[in-house]
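Visitor: I would like to learn how to read charged side chains in a protein model. Please take me through an example.

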Amino acid sequence: MKLVKLLSLIIFFSASATLSAQKTTGSHDAGKYFQGSGEVYFKFLTEGAEPNQLSKIISIDKIEGDVIYAYANLSGFTAFLKHGLAFEILPKPGELIKNPRMLNNVNVREIDEWDFYPTYDAYVDMMYQFAEDYPGLCEVVSIGNSVEGRELLMARISDNVGEVEEEPQFLYTGTMHGDETAGYVLLLRLIDYLLVNYNSDAEVTDLVNNLDIWINPLANPDGTFAGGNNTVNGATRFNANNVDLNRNYPDPEDGPHPDGNPWQVETVHFMDFAEANNFTMSANTHGGTEVLNYPWDTWPQLAADDDWWIFVCREYVDTVHLYSPSNYMNEYNNGITNGYAWYSIDGGRQDYMNYFHQCREVTMELSDVKLLSAGQLPSHWDWNYRSLLNYMKQATYGVNGVVTDLETGQPLRAMAYIEGHDIENSYVYSREETGFYQRLLDAGTYDITFSAPGHYPVTIENVSVSDYTTTTVDVQLDAGDLIADFTASATAISMGGMVDFYDGSFGSPVSWSWEFEGGEPSTSNEENPEGIVFAEAGSFDVSLTVTDSQGGSETIVKEGFISVNAEFLMSNQTITTCAGIFYDTGGEDGGYSDNEDFTMTFTPGAAGSKIIVSFEMFDVEYQSSCDYDWLKVYDGENTSATLIGTFCGTGSPGTIEATNEAGALTFQFHSDGSVTNSGWKAVISCTSPPLAPVAGFTADATHIIMGGSVQFTDLTTNSPTSWAWDFPGGTPSVSSLQNPSVQYEEAGIYDVTLTVQNTYGSDTKTIEGYITVDSTIGISELLNSGLSVFPNPLTGDVLNITSETEIQKVELFNYSGKVLLQKTLKTTSTGLNMQGFGKGVYFLKVFTDNGVRVVKLSVMR
Ligand SMILES: [Zn+2]
């Protein structure tokens, strides 16, 4: 092995007599290799080279053994020269055939052999002729113009062409490297083949009926016709700005501009086109070697669907091998390779489509010779066309279906995500216009979770996928009842602080109305209002009203949701407050100054309440009898009240509570003419006012099943000291606990009453019909309902549910009404996987067209 390697090195060097002569480190030399052209083609040895680094400055074309072949524009080549590697300039692949066979004025219907290259004008005419000849089947769409104004054309082929149907979209594009010309003609011929054979060939008919097919034979017309519109001689890899279009796309790892160039118009038009569609599968064709290159190109980790990629690429190449000579497409792993394993590229369209558009795109290298002689086009077609069809067919397999809103039936753009499988954006989305999705998958069993904004996600478990088949799973997502809710970036801030608010409502609200007490602005109609400023101290309510498309609305008020801490700096004044932070004159970060004399009084707002000041930090100049700097504290509204103490040094006053009638504390501070320390920080609060309690309570569940229990939580304010609960229908029926738990054995609707008491009074609150207890249906009633749930008791994993009428939804929950599993369906029979649920009693709520029934279910495992 070593010997062979050495031998090839010697051959390489002896065959390249000028190689070392061209070694240079002077960047000023770069221009001389271009001779008026925008790109150079060259080779160099892998030894001492870092292909994955060089790939960021030059376009590596291929690596054969120890030799790297590459293109560069002037700036890229200048950067390459700085690496000091020996290289050899090679003839341009696009100029190797002096007189390629070109045809102008081609009538597509009269072609015998596709053994020619159409001129640019002939190409445009042929594309439009397809649409004219097959009006119901083919239309031609221009997605924009190239740098030099040539058209970027797509032939769109489908039954009902032009309509957005519930079918996968498929895309082929060719020759984005302008000098790799085989794909240009092969894809033109593929358009013709599909149109001519529709309704006569079953496979073609099937593809056209079940796919929305887009074919773009020439993605870089300026490159292909760099030598003029009448010849492909002089074709360049790059576009008219000398940019490699297959390095110009946003990259999952390297950001929006991995090549350092602005997006070319060809790139922008294609990105807009990809964004407007929802392609399931695609390929871009190339030349220079013969291999199928599958994701990823940019990073070493394998794609989530690596097994599937190997499966479809093998199918392509193995089919090719049945019809091709034995030396065609037989290198790498017998004709296929993982992109990164070959060499890393950044900004390639394959990774762009896979990562940013959830489209499975592969790179097809169709011929060792880039500018293939026209006479070889028919054989390359013959070796590849069956595989090109097979590859399209793969876009119809896996799992597909339509995602709609449960209530409105409207299509939803939903994410279909496979837990434990999907990584790096390998999930797919359903299309907004139709709700249709197609998830290509290797054979296996998958749990697929469907989610859309404002809807409860649904997991369809155990979806079984086989090769060459399509499993259809239609899904309905429930937006649920309109429930207003929100969160915030912070709930405790300092004065002048800013808060962002986030809507967390359910039930698909379409408008939002916010009110921010104490905030600026004080209202907003945005979904997620940001930067609300709270300038004043206090505790503020926030309310949100959401409205749905039917005009229903819900409001939530969160009382005292935002608390803004007041800051009080030592000064001559009286403050009425029960919350805040008290500092020396320097505030939180600074100390006090020399020669200060201030007196400050704090009083509580409510009668009977007392101020509490709790020092967290204290540091004023020390003197043994506190003669220099000092803080005096008085138990009253001024300095004639009782002196509690005189403090200096780090002898903190600790926590001081007023005992006088007014509940006030007065602070007097003095500093002398030298030495200042950091001062103090103290938290102000008040003792509870002498108020009667106000009763309040909540429960962890208000809608439960017979035999279930409810945990009640006391929400009474003003410090109650005793509780008396009344639970008609519950066990126990009365309680004196603060937070009792109560069981309900009988179906019905029950009131709850709480009476609370403290020294200052009492209060009673009753909520009528607060607790609803559902019954379950018995065996005989179940038999008559047209619904069957079996086996019950359940000893295995799968619970079968069948119904005479369509089942819309099933919910599994426990005694306290907590939903454990929710599945949205549209079927008369389903199997529920109960594997995760241990021994115990559960309740199954089945929503059918005939109504809702609750069945008690025992799991015996
Ligand atoms: Zn290429």
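Visitor: Is Lys-62 buried or exposed?

Guide: Buried means under 20% relative accessible area, exposed over 50%, and partly exposed in between, using a 1.4 Å probe and protein chains only. Lys-62 has 11% relative accessibility and therefore counts as buried. This is a predicted model, where local features need pLDDT of at least 70, side-chain atom pairs count only at pLDDT 80 or more, and totals for chains, interfaces and linings use all residues. Residues are numbered from 1 along each chain as its sequence is written, and side-chain values use heavy atoms, with hydrogens and water left out.

Visitor: Which residue forms a salt bridge with Lys-62?

Guide: Side chains of opposite charge can pair when their charged atoms come close. The rule for a salt bridge is a side-chain nitrogen of Lys or Arg within 4 Å of a carboxyl oxygen of Asp or Glu. Here the partner of Lys-62 is Glu-64, with the closest N and O atoms 3.2 Å apart. Glu-64 is partly exposed, at 35% relative accessible area.

Visitor: How many salt bridges does a search of the whole structure find?

Guide: The search finds 29. One of them joins Asp-305 to Arg-439, with 3.1 Å between the closest N and O atoms. Asp-305 is in a loop and Arg-439 in a strand (a DSSP run of E, at least two residues), so the pair ties together parts 134 residues apart in sequence. Asp-305 is buried at 4% relative accessibility, and Arg-439 is buried at 1%.

Visitor: Which residues are linked in a network of salt bridges?

Guide: The network links Asp-61, Glu-180, Arg-237, Asp-244, Arg-247 and Lys-370.

Note on methods. Helices (H or I, at least four residues) and strands (E, at least two) are DSSP runs, numbered from the N terminus.
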